[in-house]
There are 4 protein chains.
Amino acid sequence: MPKTVIGVMGPGDGATETDQQCAYELGCAIAQQGWILLTGGRNQGVMAAANQGAKAANGLTVGILPTADNRQISPAVDIAIRTDMGNGRNNINVLSSDIVIACGMGMGTASEIALALKNGKPVIVINCSPGATEFFQSLSPQQVYNADSPTEAIDILKSLG
Amino acid sequence: MPKTVIGVMGPGDGATETDQQCAYELGCAIAQQGWILLTGGRNQGVMAAANQGAKAANGLTVGILPTADNRQISPAVDIAIRTDMGNGRNNINVLSSDIVIACGMGMGTASEIALALKNGKPVIVINCSPGATEFFQSLSPQQVYNADSPTEAIDILKSLG
Amino acid sequence: MPKTVIGVMGPGDGATETDQQCAYELGCAIAQQGWILLTGGRNQGVMAAANQGAKAANGLTVGILPTADNRQISPAVDIAIRTDMGNGRNNINVLSSDIVIACGMGMGTASEIALALKNGKPVIVINCSPGATEFFQSLSPQQVYNADSPTEAIDILKSLG
Amino acid sequence: MPKTVIGVMGPGDGATETDQQCAYELGCAIAQQGWILLTGGRNQGVMAAANQGAKAANGLTVGILPTADNRQISPAVDIAIRTDMGNGRNNINVLSSDIVIACGMGMGTASEIALALKNGKPVIVINCSPGATEFFQSLSPQQVYNADSPTEAIDILKSLG
């Protein structure tokens with residue numbers, strides 16, 4: 001049986017300190033639950049921080065890379081899925097996650113939330129503006145959960161499990 | 001030299017009457033300018049209406065289908081690009097458009113706007129809520145143009161050309 | 001109704017003079033039949049020659065590019081489909097062709113023939129070694145047609161139409 | 001640092017008993033080396049057998065599925081990458097493998113060998129006809145290795161590591 005995979009999506013070079021701290025804690029907590037962490041795999045922002053958090057807690061990490069090689073990979077990625085699809089890999093990110101957490105906001109993150117909703121996945125948003133959260137809730141109210149902290153996000157994950 | 005391609009994105013079965021009327025007029029106007037219309041190719045909502053409009057004005061239409069065959073195709077699509085990629089084709093929709101018009105809103109449309117912005121494309125939004133428009137403008141103010149009518153959208157297209 | 005699209009696949013920088021001459025004639029003949037030519041879109045080898053042939057006969061040409069932009073595009077491509085998928089776009093090349101012609105051989109071409117067969121498309125091979133032709137015929141005898149000249153390839157196309 | 005991933009490709013419902021026995025042994029041996037097994041993930045033929053072999057040896061298995069869900073998944077897949085890309089996922093299969101082993105032959109397998117070569121990956125063929133092996137060696141002699149047994153394939157893998 002395939003293992004439970006939690007996707008953590010968020011900005012790369014546009015990530016704030018808070019986004020990264022939050023992503024690190026999410027990565028830790030996901031690993032502690034025995035779940036696999038999936039990210040976009042690059043060594044930047046939320047992706048890098050979540051992978052570091054998961055490895056600090058001895059978790060297993062999957063990175064869905066936009067590239068054909070490992071050039072931009074976070075060193076905390078265990079399993080590199082090289083797509084050579086650029087932003088087209090965002091649909092694979094969300095399809096391969098059982099639940100998606102969006103931590104912070106950016107253009108790529110917004111595409112991942114929208115694709116997750118379109119593909120029927122639950123999405124937990126954390127560290128997003130009220131306007132962003134309201135917008136995505138307006139697209140599909142029952143799929144979007146707002147979390148005020150990593151702890152609350154993990155509680156929501158458990159309740160969805 | 002490749003021809004100018006204008007993408008019209010919008011909801012399928014969730015499209016309103018206004019969305020469809022607007023898409024039809026956009027399709028007409030795009031064809032009248034000698035531009036090629038690109039859509040997601042399915043026989044529903046904004047995609048179907050835009051293609052009908054373009055054909056009514058003797059335009060050329062390209063449909064980027066989510067499927068491996070023509071099962072769901074709008075009969076007003078001239079050139080069928082069959083991707084077999086589901087929603088993953090949304091990235092191709094926007095990359096293959098020189099400018100993207102989002103007419104109405106839905107989960108797929110939101111993903112296309114976000115992917116268009118991420119890929120550096122100008123996006124004209126029409127018939128979207130103020131909250132949606134503000135959200136996307138917050139992601140990249142200089143790439144998002146709001147149009148109040150198909151005529152205004154075409155004026156913006158010309159100014160961007 | 002979507003127009004008939006014929007895909008011409010073949011080597012890029014590894015194309016021989018014969019491959020290119022053959023591709024040029026195929027492009028011409030496809031355009032003269034009123035069919036659309038589809039290639040991998042790059043300005044090299046078989047892709048470039050087929051597009052030139054089609055434009056010399058006033059045809060319409062579609063290029064499915066591996067890139068996110070037009071950097072490598074043949075100037076004889078009318079409609080650029082930008083996939084940003086590298087060799088992953090080869091599956092779209094064959095899915096979007098009603099019939100595939102392989103003109104010459106290389107690693108990319110071999111992948112396109114195999115993907116075309118897997119997706120149920122007829123494949124006409126021209127200017128390929130007997131060993132290559134036999135190999136692909138062994139995979140699916142009834143889908144692979146050998147042509148000794150562009151004229152014979154067009155005759156086979158007509159018979160399959 | 002990403003772990004070493006070995007891809008085992010081969011026919012699904014067209015797999016012979018020998019193909020499956022060979023794939024099972026390869027899966028075992030790959031796991032025993034501490035490498036990760038990557039397959040196309042479906043519960044058929046070479047994919048299913050390789051995954052069973054790897055799990056029998058307590059290995060970790062990644063399945064790159066053609067679907068958006070787990071409908072066709074081998075129960076011996078640990079990590080499901082859901083692409084919704086049909087045969088388009090074959091390029092991801094080979095890009096994400098450090099070395100590709102082709103065990104048996106079919107249309108999909110042929111596409112994977114060709115894509116692996118195109119993407120610069122070493123390919124070990126086992127249980128393929130002399131004609132098939134010669135064809136792929138003619139495309140790129142230095143990338144294609146012939147193995148007469150799973151043991152020999154593993155020896156080649158070690159020498160390439």
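Two copies of a chain are related by a rotation about an axis and a shift along it. In this predicted model, chain A is superposed on chain D by a rotation of 180° with 0.0 Å of shift along the axis. The RMSD of that superposition is 0.0 Å. Such a relation is that of a two-fold axis. A:Ile81 is the residue of chain A that comes closest to the rotation axis, with its C-alpha at 4.3 Å. Both copies use the same surface, since 100% of the contact residues of chain A recur in chain D.

The contact between chains C and B was examined next. Chain C contributes 26 residues and chain B contributes 26 residues. About 2100 Å² is buried between chain C and chain B. Carbon and sulfur atoms give 59% of this area. On the side of chain C, C:Pro2, C:Arg82 and C:Leu95 supply 27% of the area buried against chain B, more than any other three residues.

Polar interactions also link the two chains. Two salt bridges are counted between chain C and chain B. B:Arg82 forms a salt bridge with C:Asp98, with 3.4 Å between the closest N and O atoms. Residue pairs in polar contact number 10 between chain C and chain B, counting pairs with both residues at pLDDT 80 or more.

Three elements of chain C each give two or more residues to the side that touches chain B: strand E3 (61-65), strand E4 (79-82) and helix H3 (90-95). E4(C) gives the most, with four residues. By class, this side of chain C has 16 nonpolar, four polar and six charged residues.

Methods: Residues numbered from 1 in each chain as written. Chains lettered and ligands numbered in written order. Predicted model: local features only at pLDDT ≥ 70, side-chain atom pairs only at ≥ 80, totals over all residues. Heavy atoms only, no water. Least-squares fit on C-alpha atoms with pLDDT ≥ 70 in both. Contact = heavy atoms within 4.5 Å. Buried area = accessible area lost by both parts, 1.4 Å probe. Salt bridge = Lys/Arg side-chain N within 4 Å of Asp/Glu carboxyl O. Polar contact = N/O pair within 3.5 Å; in protein donor to acceptor, adjacent residues only side chain to side chain. Nonpolar A, V, L, I, M, F, W, Y, C, P; charged D, E, K, R; others polar.
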